[in-house]
Amino acid sequence: MVVADKPKKGNIVRQSYVWALLLTNSFSMKSEKKCSHCGEWTTWEKQPTDRCGHCNEYLDPRSLQEKEVREEKERVFRENDFFRVRENDSFLMIMVRKTGWALHAIFAAIAWAFLWFVTTFSG
Ligand SMILES: [Zn+2]
């Protein structure tokens with residue numbers, strides 16, 4: 001970075017350097033986080049799976065746990081989903097599921113159109 005090479009030029013240069021740093025940080029989603037296990041600062045990409053560079057512990061164990069709970073819920077939801085085609089489904093069952101899914105999609109589209117209509121024209 002050009003501005004980083006000449007920090008002696010005064011406050012404005014230093015400020016713009018800090019701003020550039022902040023911007024690149026927020027765009028790359030990288031940041032620093034103090035590890036709650038060893039107390040060292042380490043890079044943090046704001047992902048639940050990020051680990052500390054010093055002690056290799058998870059930086060955000062609570063969000064990792066939440067992520068696992070969410071994924072487990074999604075997995076259960078998918079497995080109980082009537083419209084999902086199973087491997088041992090007969091051709092008829094696949095047709096029933098696909099037709100059901102299509103009807104469900106059409107119904108959802110109508111519901112959304114209706115909601116949009118009501119919210120747009122009722123005010
Ligand atoms: Zn650590």
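# Exercises on a predicted model

K46 lies in the loop that links β2 to α3 (61-80); helices (H or I, at least four residues) and strands (E, at least two) are DSSP runs, numbered from the N terminus. The model is predicted: local features need pLDDT of at least 70, side-chain atom pairs count only at pLDDT 80 or more, and totals for chains, interfaces and linings use all residues. Residues are numbered from 1 along each chain as its sequence is written.

**Exercise 1. State what pattern the chain follows along the sequence.**

Solution. Start with the elements: the chain has 4 helices and 2 strands. Then read along the sequence. The pattern is α-α-β-β-α-α.

**Exercise 2. Find where confidence is lowest and where it is highest.**

Solution. Confidence here is pLDDT, the predictor's confidence in each residue, from 0 to 100. Take the chain: its mean pLDDT is 83, and 85% of its residues reach 70 or more. Now go to the helices. Helix α1 (residues 2-5) is lowest, with a mean of 54. Helix α4 (residues 91-121) is highest, at 92.

**Exercise 3. Describe how β1 and β2 are joined.**

Solution. Locate the strands: β1 covers residues 31-34 and β2 covers residues 41-44. They run antiparallel, with 4 bridges between them. Strands pair if DSSP finds at least two bridges between them. E32 bridges to T43 in β2, and K33 stands opposite T42. Last, look at the turn. The hairpin has 6 residues between the strands, and G39 there takes a positive phi near 80°.

**Exercise 4. Give the phi of K46 and of N56, and say whether each residue is buried or exposed.**

Solution. Begin with the background: most residues other than glycine have a negative phi. K46 is not a glycine, yet its phi is positive, about 60°. N56 is also in the loop between β2 and α3. Its phi is near 65°, a positive value in a residue other than glycine. Then count neighbours. A residue is buried if 20 or more other C-beta atoms lie within 10 Å of its own, exposed if 12 or fewer, and partly exposed in between, with C-beta atoms placed from the backbone. K46 has 12 such neighbours, so it counts as exposed. N56 has 10, so it is exposed too.

**Exercise 5. Say how many C-beta neighbours S63 has, and how far its C-alpha atom is from that of P48.**

Solution. S63 sits in helix α3. It has 15 C-beta neighbours inside 10 Å, so it counts as partly exposed. P48 is 15 residues away along the chain, and the two C-alpha atoms are separated by 5.6 Å.

**Exercise 6. State what share of the chain is buried.**

Solution. Of the 123 residues, 2% count as buried.
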